[in-house]
Amino acid sequence: MHRSAKRLASLLACAAVPVMLVAGCSGSDSSNSSDGSSDAPSTSTKPSATVAAAKYKKLPNPCQAFSKDTLGKLVPKTKNKGGEPGTSDDATSHATCSWDSSDENGVDGTQFRWLDIGFQRYDSDPNPAVGTGEKRATDFYAKQVANAKGTEGAKKVQTAKTDSTGDESTAITYDITKDKTPFKNTTIVARAANIVVTVNYNGAGMAGADTPKGADLLKAAQAAAKEAVAAAVKANG
């Protein structure tokens, strides 16, 4: 078990695959945006008469985006039920949180799970060439989907629409191997007006445990994404 524990510890550093596509296999670095400063949300709050105002002005607390019941299902053995918040220069535009769970079952191995959530909100820009908050969010949504599909080392990549989750939503599933351990990963990217929500959920069987079923992770992640979108809408009254 000592050897298994050491292996588990080494895997935690690369178990997180990207939320907001900010982190590669090295983990979920929730402090940065994926597409650089060129797409950073505008600080303008007074768009010109030719640019429609953004619909949503706030983001929810990302660490409170999921109910206790949801966290109990997705990360049942997490040691931090309050989540690990990412840092942000402007919590009204970018907010993230993550959880991990290691369910150790002795000689039957360990079931590992990682969950993270990212919210990205765009204001409308007075410059019509930049566009409305909704247009900017739509562009970012497309980039998030493309980045998830292009994850380095991903195999068996598949996409599917997720119904009743914001204005548009896409699920991306794939297999990926880290430190000789196969992971099943699901990334859900959803857009509600000018807010983009990204949920990443992955799992692995370690120290001899069976690899989780991708279909089970997908179903759980889709339900979590709907909850996260609802939290974003509720935060705006």
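Glu134, Asp167, Glu168 and Arg191 are tied together in a network of salt bridges, a salt bridge being a side-chain nitrogen of Lys or Arg within 4 Å of a carboxyl oxygen of Asp or Glu. That's a handy place to start looking around this predicted model, where local features need pLDDT of at least 70, side-chain atom pairs count only at pLDDT 80 or more, and totals for chains, interfaces and linings use all residues. Residues are numbered from 1 along each chain as its sequence is written, and side-chain values use heavy atoms, with hydrogens and water left out.

**The overall layout**

- The protein has 4 helices and 7 strands; helices (H or I, at least four residues) and strands (E, at least two) are DSSP runs, numbered from the N terminus.
- Reading from the N terminus, the order of elements is α-α-β-β-β-α-β-β-β-β-α.
- Of the 237 residues, 48% count as buried; buried means under 20% relative accessible area, exposed over 50%, and partly exposed in between (1.4 Å probe, protein chains only).
- The accessible surface comes to about 11400 Å², and 50% of that belongs to carbon and sulfur atoms (areas come from the Shrake-Rupley method with a 1.4 Å probe, and for residues only the protein chains shown count as cover).
- Among contacts with a separation of 6 or more, 63% are between residues 24 or more positions apart, where contact means heavy atoms within 4.5 Å.

**The sheet**

- The 7 strands make an open, antiparallel sheet in the order E1-E2-E3-E7-E6-E5-E4; two strands pair if DSSP finds at least two bridges between them.
- At the edges sit strand E1 (84-85) and E4, each pairing on one side only.
- E1 and E2 run antiparallel and are joined by 2 bridges, with Glu84 partnered by Ser98 in E2.
- Helix H4 packs on the sheet, touching E3, E4, E5, E6 and E7, and its direction makes about 30° with that of E6 (axes are lines fitted to C-alpha atoms, for helices over the stretch in contact, and angles run from 0 to 180 degrees between N-to-C directions).

- E6 is largely enclosed by the rest of the structure, because 10 of its 12 residues are buried.
- On one side, E6 pairs with E5 in the antiparallel sense over 11 bridges.
- These two strands form a hairpin with 2 residues between them, and Asp179 in the turn has a positive phi of about 50°.
- E6 also pairs with E7, again antiparallel, over 10 bridges; here Lys184 stands opposite Gly203 in E7.
- The hairpin of E6 and E7 has 2 residues between the strands too, and Ala193 takes a positive phi near 55° there.

**Two nonpolar cores**

- The largest nonpolar core has 31 residues, and the ones touching the most other members are Phe66, Trp99, Leu115, Ile117, Phe119, Val197 and Val199.
- A nonpolar core is a set of buried Ala, Val, Leu, Ile, Met, Phe, Trp, Tyr and Cys residues joined through side-chain atoms within 4.5 Å.
- A second, separate core of 16 residues includes Phe112, Tyr122, Ile172 and Tyr174.

**Salt bridges up close**

- The count comes to 7 salt bridges.
- Arg191 and Glu134 meet in one of them (3.5 Å, N to O), which links strand E6 to helix H3 (residues 133-149) across 57 residues.
- Arg191 is buried at 8% relative accessibility, while Glu134 is partly exposed at 40%.
- Lys73 and Asp69 form a salt bridge of 3.4 Å, N to O; both lie in helix H2, 4 residues apart, about one turn of the helix.

**Positive phi values**

- Most residues other than glycine have a negative phi.
- Lys156, in strand E4 (residues 155-161), has a positive phi of about 55° and is exposed, at 66% relative accessible area.
- Lys180, in the loop between strand E5 (168-178) and E6, has a phi near 70° and is exposed at 76%.
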